[in-house]
Structures are given as structure tokens and as C-alpha cells.
Amino acid sequence: MELRSVDELMDLLHACRGAWDTPDHSGDPVDLHDHALQTAALLRRGHPSDKELQVAGLVHDIGHLLRPGDDARHADHAADAVRPLLGERVARLVVLHVPAKRYLATTEPGHPLSRQSVLTLMVQGGAMSAEEVRAFEADPDAADAVTLRQADDAGKVVGFDAGILEDWRPVLELVAVAAGHARRSRRTRPLARSEFSD
């Protein structure tokens, strides 16, 4: 599934109300809707100018709704869905929130994970090897992915009022417009001299 409009994305996010990260509701203590709002709100509080990071927090787990039960690839499904609308950076951060969990489990053994996150860690590859840690740290989006992961792990609190989904529509529209401009500028950029053939 590829999302092509903010309305489509909002419909999907609204559908997260009452949907859980596990089909039998045995996973995290809040539904995907509340988890999305909490994660995004924590990122907005800590990084108010980084709209793409906030939006990545809002959409990072929609893969659980798109493909229920696929814990290993839920981030890939979410990224594939939002990339056409929200751009490459948002999609990359969504993908990287799983490696960021593995990274934190390796480098910060006391990092708090929910019971469900502990269970899915092994399905997602377990702790990283030293080589994987180095490769992750070399990724230019690694630090932001860790920030997203930390908000993800903290955004699972029953009763935490993180606002309403409709408040995020203008932010989603802003990010979608910027992503559209970036795509258009890449398609219409002038050819460099080396790209001309004689």
C-alpha cells in the first residue's frame, strides 16, 4: 500500500484506534492510535523544529495495522506506505526505529523496553554484533533514529493525554508539501556538464 494523500494517511491513523501491535491485544498497554500520538508528542516536545522526526514518530508503527502479526517487517511496511507522501527521510527514520532498538539493547543494556518489545527483539535480529553497531553509527540518520526509538519506548503510558490526531493534520500537510517539492526539484534539476554526451 502506498499513501498518496494526507486524507488517506489520516484515515489510516484513525483506524489505529482500537488496533494493537499484537492481534490478541497481549502486547503494549496502549493501542496504536494512542502510541502514535504519545510518540509524536514526545518528539515535538524534545525537537520542536524537526517536523519530519515528529511525523516519523506518528507513523512509525502503522505497519502493524497494514500487516498484522509481521513484527519483523512492520517498519518496512510502514516506510513503504508513507515514502511517496512524506518523503525519504521520514521513511528512513521509520525503517531505522527497529535497528535503533537493537542498537540500544546492545549499547545500553539497561535501556527500558516494554515486555512486547523484548519479545519481538529476537524476531527482529536481537542484539547487534560489533560490526552492526559500527555500521549503524555510521548512518547519517542514526542519531535521529535513536531519538525516535527512545520516544517510541516512552510513548506507551496508559492515560497519558497526548492531544488529538486532527492537530497533526497541518504538520502532515507541511511535510507532504516539502516532500513533493523535493521530488519535483530532483526530477527537474539541470543536467551537470558531465551528464551531457558529445
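Helices (H or I, at least four residues) are taken as DSSP runs and numbered from the N terminus. The structure is a predicted model, in which local features require a pLDDT of at least 70 and side-chain atom pairs count only at pLDDT 80 or more, whereas totals for chains, interfaces and linings use all residues. Residues are numbered from 1 along each chain as its sequence is written, and side-chain values use heavy atoms, with hydrogens and water left out. The pLDDT, the predictor's confidence in each residue from 0 to 100, averages 90 over the protein chain, and 92% of the residues score at least 70.

A salt bridge is defined as a side-chain nitrogen of Lys or Arg within 4 Å of a carboxyl oxygen of Asp or Glu; by this rule the count is 14. One of these joins D153 to R149, with the closest N and O atoms 2.8 Å apart. Both residues lie in helix α9 (residues 142–154), four residues apart, about one turn of the helix. D153 and R149 are both buried, that is, under 20% relative accessible area, where exposed means over 50% and partly exposed lies in between (1.4 Å probe, protein chains only).

K101, in helix α6 (residues 88–107), is likewise buried but has no salt bridge; the nearest side chain of opposite charge (Lys and Arg count as positive, Asp and Glu as negative; His and the chain ends are not counted) is D153, 6.8 Å away. Contacts of K101 (heavy atoms within 4.5 Å) include R149, L113 and Q124, not counting residues up to four places away in sequence.

R89 pairs with E52 at 3.0 Å between the closest N and O atoms.

Definitions and conventions
Helix = DSSP H or I, 4+ residues; strand = E, 2+ residues; numbered from the N terminus.
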